[in-house]
Amino acid sequence: MGKLSDLREHLNLTQEELSEKSGISIRTIQRIESGQKPKGFTLKAFAITLGVEKSFFDESNAAESLDPDELKWNKIVNMLALPGSFLPPLNVLLPLAIMYLKKQNNRVNKKLVSIQICWTLVALFLFVIVLILNDWLGVKSQFTMLIPILWLMLNTVIITRNAMILGKNNDHILPDINVL
């Protein structure tokens with residue numbers, strides 16, 4: 001596992017020093033550095049000792065193991081949210097339908113759909129705010145219409161940014177939201 005050895009060397013630690021600090025045996029460190037994925041206590045101990053998130057180790061092999069067909073469907077699922085952005089439930093339903101119909105129920109697609117689920121909830125909240133401002137509080141301003149427009153623009157930026165990340169064969173989708 002290149003990330004562990006790279007991080008260990010960056011911190012100027014030998015395997016022995018890492019073993020002492022983390023409480024993990026040298027043999028286990030050697031196995032993980034040669035490709036075995038850390039789990040459970042080992043994962044937690046390395047995360048605490050090295051000052052990184054546990055996901056640092058989970059995602060370390062993901063970019064290396066991206067299947068071209070899976071990546072193609074990740075891009076399609078991401079881009080299907082764009083036309084659906086104009087009607088917020090469609091930005092979730094279109095990608096979700098393709099994800100399940102094409103049996104592309106992978107981690108990246110779940111994150112992409114999770115982002116759109118959260119954005120739909122934000123859209124609903126903003127819609128209620130606009131209604132409250134207009135109807136209950138009597139605020140008659142042209143600027144209240146900017147709220148949904150800004151939401152749409154920001155969602156477009158997020159979808160485009162994730163498309164560029166996927167275009168580089170990377171799977172570090174942001175924001176890192178997992179609802180599914």
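Helix H8 supplies the largest share of the lining of the largest cavity, four residues. Helices here are DSSP runs of H or I with at least four residues, numbered from the N terminus. A cavity is a set of points on a 1 Å grid over the protein atoms alone where a 1.4 Å probe fits but cannot get out, while a pocket is an open set with protein on both sides within 12 Å along at least five of seven lines; lining residues have an atom within 4 Å of a point.

This is a predicted model, where local features need pLDDT of at least 70, side-chain atom pairs count only at pLDDT 80 or more, and totals for chains, interfaces and linings use all residues. Residues are numbered from 1 along each chain as its sequence is written, and side-chain values use heavy atoms, with hydrogens and water left out.

Back to the cavity: the structure has one of 30 Å³ or more. Helix H6 (68-84), helix H7 (90-101), H8 and H9 each put at least two residues into its lining. Among the lining residues are Val77, Asn91, Leu112, Gln116 and Ile158.

Now for the largest pocket. Of its 15 lining residues, Pro88, Ala123, Phe127, Pro148 and Trp151 lie nearest the centre. H8 gives the most here too, with six residues, and H8 and H9 each supply at least two.

Here are the two spaces side by side. Volume is the space filled by probe spheres set on the points, which are joined across faces, edges and corners. For the classes, Ala, Val, Leu, Ile, Met, Phe, Trp, Tyr, Cys and Pro count as nonpolar, Asp, Glu, Lys and Arg as charged, and the others, Gly among them, as polar.

| Space | Volume | Lining by class |
|---|---|---|
| Largest cavity | about 50 Å³ | eight nonpolar, four polar, no charged residues |
| Largest pocket | about 300 Å³ | 13 nonpolar, two polar, no charged residues |

Trp151 also turns up in the one aromatic pair that a search of the whole structure finds. Its partner is Trp119, edge-to-face at 6.2 Å centre to centre with 65° between the planes; rings of Phe, Tyr and Trp (its six-membered ring) pair if their centres lie within 6.5 Å, with planes under 30 degrees apart stacked, over 60 edge-to-face and the rest tilted. Trp119 sits in H8 (residues 107-136) and Trp151 in H9 (residues 146-167), so the pair ties together parts 32 residues apart in sequence. Both tryptophans are buried (under 20% relative accessible area, with a 1.4 Å probe and protein chains only).

As for confidence, the chain averages a pLDDT of 84 (the predictor's confidence in each residue, from 0 to 100).

Key. Buried < 20%, exposed > 50% of the residue type's maximum accessible area, 1.4 Å probe, protein only.
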